[in-house]
Amino acid sequence: MRTEYRKRYLPFGYKLMLSYCVLIIIPVLLVGYVANSVFVNSIREQTRTNLQGTLQQMAANIGYKMEDTRRLTDMLYFDSALAGHLRHYEEGWVSYAATTEYLLPKFNSTIEATNRSIWMSVFLHNESLPEIYNTYEGGDPLEEKSRLFDIYHIRRIAERDWYRRFPEEVHGVTMQWRQIEDDETFRRISLLRRIVDVDDAMSIREIGFIRMSVRISDLFESLDYRKIGEGAAIFVTEANGRVLVSSGTAGESFDSMQERNESGDQIVIEERLPAENWSIVAFVPTDITERDTSKVRWLTVLICFVSFIAFSFLAMFLSRYFSRRVSKIVSVLDSFQEGDFHKRVFFKGNDEFTHISGALNEMGQNIGDLIKEVYLTNIQKKEAELESLQAQINPHFLYNTLSSISRLAKFGETGKLHRMVRDLAKFYRLSLNEGRTVIPILSELDQAKAYVDIQKTKYEDRMDVFWDIDSSIARYKTIKLILQPFIENVLEHAWVGEHVHIRIAGTLEGERVVFKIIDDGVGMRQERIRQIFDPVEGPNLGYGIRNVDQRIKLHYGTEYGVTMHSRPGIGTTVRITIPARTSDGG
């Protein structure tokens, strides 16, 4: 009969093994798969963000040099004295003096205002001023060691297509970066800009033209494909798609790189330059972004495989260990069911099986009722103890802190758990303070800091607390617990989004010690502040604030206490005033 009964169920060892596999091994594998996906996507996103940041740094460097060149032209464009000399047509000594005493020093100081190699050409409408220029004999002016500026008359460029097509002047705005004349031959690029005379608000007249030429290699010096990785290519393109400069192309054109991009073996990252309608376009092989993800993928597979083997052996050991004990207990129960109450089972050690076997040996058929009775009694006892503890621990701050400690323990964050328990113990040690009401200000600050440390462990970077305490107040005393309620009030009501800043200041103002708790939270209307301090209008508002204010007034007098100032959307400032006393008198 017993043999037939045992054939109808799966042995306990197999059940334990299967349940262990389902509840432990399979979730581990699922977690490994999900973690791998998350880490891979995170690494890909991080890699792309890093590449985008690299391009942004390149764009910022190029933009700085372009802005530096524009700044040099501003020195001429906005110089009203220069405009006065250029519009003054008088030959002879006046023209000579204007040239030698102002124009040449002005142009020379403009070039010397930067440590970069720049060639400036100035074309003047005033032909009473002489032309002064070098003869470069077909060479690159930037290779010369002599003066790097030339003065010409405007007629030299009047018929040039690039000059005639130059955009209509908008004061202080119109300028162009272009390759003109021999710029492309010598790998230069020029900033083109007019010099204008503003007769009145409605009239702008061109009196000159500036061309500042720089080497492309100097302007785009930061453009280096090696900052991204081998196999990458970087192009600087104009709005019409024309390539100004490239790095790491390995002989491939911009169009060919775009065709390769359609095949999916690379990604494209683009960054606009701050000036002109230019873009930095980077073609990055996918193996650069997949290099780290492959390592993470294989590491995850290895960890999951090792975990699977370890958990499997552990499951086999546990199932065999417990199944043998359960089999003995089942055999005793079978004997009891058949009416044989003389069979006994014994286990070494002091665990659940030992207690069960002892109960079986002592109580027989009544063991079920006894276990149920003991179980219910224990449950009722635990519930009574819990209600007693809850009745003693009313402050929701302690409840929240213990909840946070529980979560830290659950997730194994032992460092944070240790800090929070240490700070909680310190907080209540300082709060109790051997029953004393008046304590040193340093103790009050320590108690407030312990509270802040607890909340810092909970909120981490979401809250920032700045301490600004004058050391001269350390020798005075205060009634306890006047700072913590206001810090707690900020953390309950002042959040704006996911972050809050708190500044805690303590200063000595004459014969008074003044504390300030300042936050940048949501703020409140003056009407609400009035209700907080009026227990009749706002009996359910600001109990902790009124409590501190009333305790200070009762101990020190009505001229001391708490005041508040707040503006919606800006924040709140709480001012706590107590007398500067070194004794408990009050």
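**Close-ups of a predicted model**

**View 1. Here's an open sheet built from five strands, ordered E11-E13-E14-E16-E15, and its pairing is mixed.** This is a predicted model, so keep that in mind for every view that follows. Strand E11 (463–469) and strand E15 (561–567) sit at the edges, each pairing on one side only. Go from strand to neighbouring strand in this sheet and the average turn is 15 degrees, direction ignored.

**View 2. Now for the pairing of E11 with strand E13 (residues 500–509): the two run parallel and are joined by seven bridges.** Which residue of E13 is the bridge partner of Asp-468? Look for Ala-505.

**View 3. Arg-155 and Glu-127 make a salt bridge, with 3.3 Å between the closest N and O atoms.** Why does this pair tie together parts that are 28 residues apart in sequence? Because Arg-155 comes from the loop between strand E2 (149–153) and helix H5 (161–164), while Glu-127 belongs to the loop between strand E1 (118–124) and E2. Glu-127 has 41% relative accessibility, so it counts as partly exposed.

**View 4. Asp-182 pairs with Arg-188 in a salt bridge whose closest N and O atoms are 2.5 Å apart.** Is Arg-188 buried or exposed? Its relative accessibility is 0%, so Arg-188 counts as buried. Asp-182 comes in at 25% relative accessibility and therefore counts as partly exposed.

**View 5. Glu-159 and Arg-164 form another salt bridge, the closest N and O atoms lying 3.8 Å apart.** Both partners, Glu-159 and Arg-164, are exposed.

**View 6. Here salt bridges link up into a network that takes in Lys-65, Asp-68, Arg-71, Arg-116, Asp-218 and Glu-221.** How many salt bridges does a search of the whole structure find? The count is 33.

Methods
Residues numbered from 1 in each chain as written. Predicted model: local features only at pLDDT ≥ 70, side-chain atom pairs only at ≥ 80, totals over all residues. Heavy atoms only, no water. Salt bridge = Lys/Arg side-chain N within 4 Å of Asp/Glu carboxyl O. Helix = DSSP H or I, 4+ residues; strand = E, 2+ residues; numbered from the N terminus. Buried < 20%, exposed > 50% of the residue type's maximum accessible area, 1.4 Å probe, protein only. Pairing = 2+ DSSP bridges. Axes fitted to C-alpha atoms, helices over the stretch in contact; angles between N-to-C directions.
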